[in-house]
Amino acid sequence: MPTVRFTQNIQRHVACPTLQVAGETIRGALESYFQLHERARGYVLDDQGNLRTHMAAFVDGRQLDDRGNLDQPIDSGAVLDVVQALSGG
């Protein structure tokens, strides 16, 4: 089962402990997670079900290039990290 982790800065805003969840895709793992922690969904996903622009996700340390393509397969032992994206100038 994939593990879903959120950084501490996200956990300050919404309860989202690290959990192992069911899911064969990134979206499936996130949906399984959000069934247990519904408030995290609105913080992470936009109205179309894509990662919000201020969020980034990594699977086993590799950043997702396409925040709208969450239907990518995920290994059962994968670690999905959800982080707040940084911006600046």
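Where is Asp-60 found? I found Asp-60 in the loop between strand 3 and strand 4. Helices (H or I, at least four residues) and strands (E, at least two) are taken here as DSSP runs, numbered from the N terminus.

**Entry 1**

I worked from a predicted model, in which local features need pLDDT of at least 70 and side-chain atom pairs count only at pLDDT 80 or more, while totals for chains, interfaces and linings use all residues. Residues are numbered from 1 along each chain as its sequence is written, and side-chain values use heavy atoms, with hydrogens and water left out.

I looked up the strand order and noted an open sheet of five strands, 2-1-5-3-4, with mixed pairing. Strand 2 and strand 4 (62-63) stand at the edges with a single partner strand each, so one side of each is left without a neighbour in the sheet. Two strands count as paired if DSSP finds at least two bridges between them.

I then went through the pairs. Strand 1 (residues 3-6) runs parallel to strand 5 (residues 79-84), and four bridges join them. Within this pair, Arg-5 has Asp-81 as its bridge partner, and Phe-6 has Val-82. Strand 1 also runs antiparallel to strand 2, with two bridges between them; here Val-4 stands opposite Leu-19.

Strand 3 (residues 55-59) pairs with strand 5 in the antiparallel sense over five bridges. Strand 3 is joined to strand 4 by two bridges, and these strands too run antiparallel. I noted Val-59 in both pairings: its bridge partner in strand 5 is Leu-80, and its bridge partner in strand 4 is Arg-62.

I also checked the burial of strand 3. Four of its five residues are buried, so strand 3 is largely enclosed by the rest of the structure. Buried means under 20% relative accessible area, exposed over 50%, and partly exposed in between (1.4 Å probe, protein chains only).

**Entry 1. The turn at Asp-60**

I returned to the hairpin of strand 3 and strand 4, which has two residues between the strands. Asp-60 has a positive phi of about 50 degrees although it is not a glycine. Its relative accessible area is 48%, and I recorded Asp-60 as partly exposed.

**Entry 2. Helix 2 and Ser-32**

Which residues of helix 2 are buried? I listed Ile-26, Ala-29, Leu-30, Ser-32, Tyr-33 and Phe-34. These buried residues pack against strand 1, strand 2 (19-20), helix 3 (38-44), strand 3 and strand 5.

I examined Ser-32 separately. Ser-32 lies in helix 2 (residues 26-36) and counts as buried at 19% relative accessibility. Leaving out residues up to four places away in sequence, Ser-32 touches Val-21 and Ala-22; contact means heavy atoms within 4.5 Å. The Ser-32 side chain reaches the backbone oxygen of Ala-22 at 2.7 Å. I took a polar contact as a pair of N or O atoms within 3.5 Å; within protein, one must be able to donate a hydrogen and the other to accept it, and residues adjacent in sequence count only if both atoms are side-chain atoms.

**Entry 3. Asp-66**

I located Asp-66 in the loop between strand 4 and strand 5. Asp-66 counts as partly exposed at 41% relative accessibility. A polar atom of its side chain lies 3.0 Å from the backbone nitrogen of Gly-68. The C-alpha atoms of Asp-66 and Leu-51 are separated by 9.1 Å, with the two residues 15 apart along the chain.

**Entry 4. The largest pocket**

What lines the largest pocket? I noted a lining of 13 residues, of which Ile-26, Val-59, Arg-62, Leu-64 and Gln-72 lie nearest the centre. On a 1 Å grid over the protein atoms alone, a pocket is an open set of points where a 1.4 Å probe fits, with protein on both sides within 12 Å along at least five of seven lines, and lining residues have an atom within 4 Å of a point.

I recorded six nonpolar, two polar and five charged residues in the lining. Ala, Val, Leu, Ile, Met, Phe, Trp, Tyr, Cys and Pro count as nonpolar, Asp, Glu, Lys and Arg as charged, and the others, Gly among them, as polar.
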